[in-house]
Amino acid sequence: MITASQKKRENIAEYLLYMWQIEDLIRANNLDLEKIEENIIDRYSNLGDARRKEMLDWYESLIDMMHREGVEKSGHLQLNKNVLFDLGNLHQQLLGNPKYPQYSAEYYKTLPYIVEIRAKAGENRKDELETCFDALYGILMLRLQKKEISPETLGAATQISRFLAQLAGFYRKDYNNELELE
């Protein structure tokens with residue numbers, strides 16, 4: 001909760017990946033608040049009572065949303081889909097705006113990786129941005145499992161990260177009304 005709000009302010013791409021990880025952590029604990037308290041919240045030994053209650057309430061609200069939205073086993077919460085939707089809108093605006101050629105250039109450097117990943121997805125294709133986030137999230141999971149990652153995959157991840165970092169920077173500027181899209 002604390003990390004999520006900080007990431008949302010600072011880097012929307014990191015926020016989204018973090019929230020996907022939170023969804024998976026909740027699933028790993030069978031959407032059981034007591035297990036989450038034991039396995040996650042109790043590890044924060046320096047939490048005061050008020051902060052602890054905030055975290056419990058936050059996880060409880062996420063569990064409730066996951067039940068209501070039917071994403072107990074897989075999928076993403078609507079609030080995370082909304083972030084992807086907003087990023088997609090901004091992405092399209094930036095691509096169509098001649099004021100941001102560096103963004104278009106970064107996108108076109110990333111596009112071959114997106115096409116390759118989508119081709120491997122078969123019928124489970126997602127839009128371009130979600131494909132990028134899926135790739136980075138998959139690499140994050142491989143790293144957490146201490147599995148080997150090929151140099152080609154790391155190269156793709158580096159380019160995708162660069163692209164998403166640029167998009168996240170523009171998102172922050174847009175959020176702060178510092179981006180001229182007209």
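**Exercise 1. Is Arg51 buried, partly exposed or exposed?**

Start with the cut-offs: buried is under 20% relative accessible area, exposed is over 50%, and partly exposed lies in between (1.4 Å probe, protein chains only). Arg51 has a relative accessible area of 36%, so Arg51 is partly exposed.

A quick word on the model: it is predicted, so local features need pLDDT of at least 70 and side-chain atom pairs count only at pLDDT 80 or more, while totals for chains, interfaces and linings use all residues. Residues are numbered from 1 along each chain as its sequence is written, and side-chain values use heavy atoms, with hydrogens and water left out.

**Exercise 2. Find the salt-bridge partner of Arg51 and say how the two sit in the chain.**

Step one: a salt bridge needs a side-chain nitrogen of Lys or Arg within 4 Å of a carboxyl oxygen of Asp or Glu. Step two: Arg51 pairs up with Glu54, at 3.9 Å from N to O.

**Exercise 3. Now try Asp42 and Arg52.**

Their side chains form a salt bridge of 2.5 Å, N to O. This pair links distant parts of the chain: Asp42 is in the loop between helix H3 (33–39) and helix H4 (49–69), and Arg52 is in helix H4, ten residues apart. Asp42 is partly exposed at 40% relative accessibility, and Arg52 is partly exposed at 22%.

Key
Helices (H or I, at least four residues) and strands (E, at least two) are DSSP runs, numbered from the N terminus.
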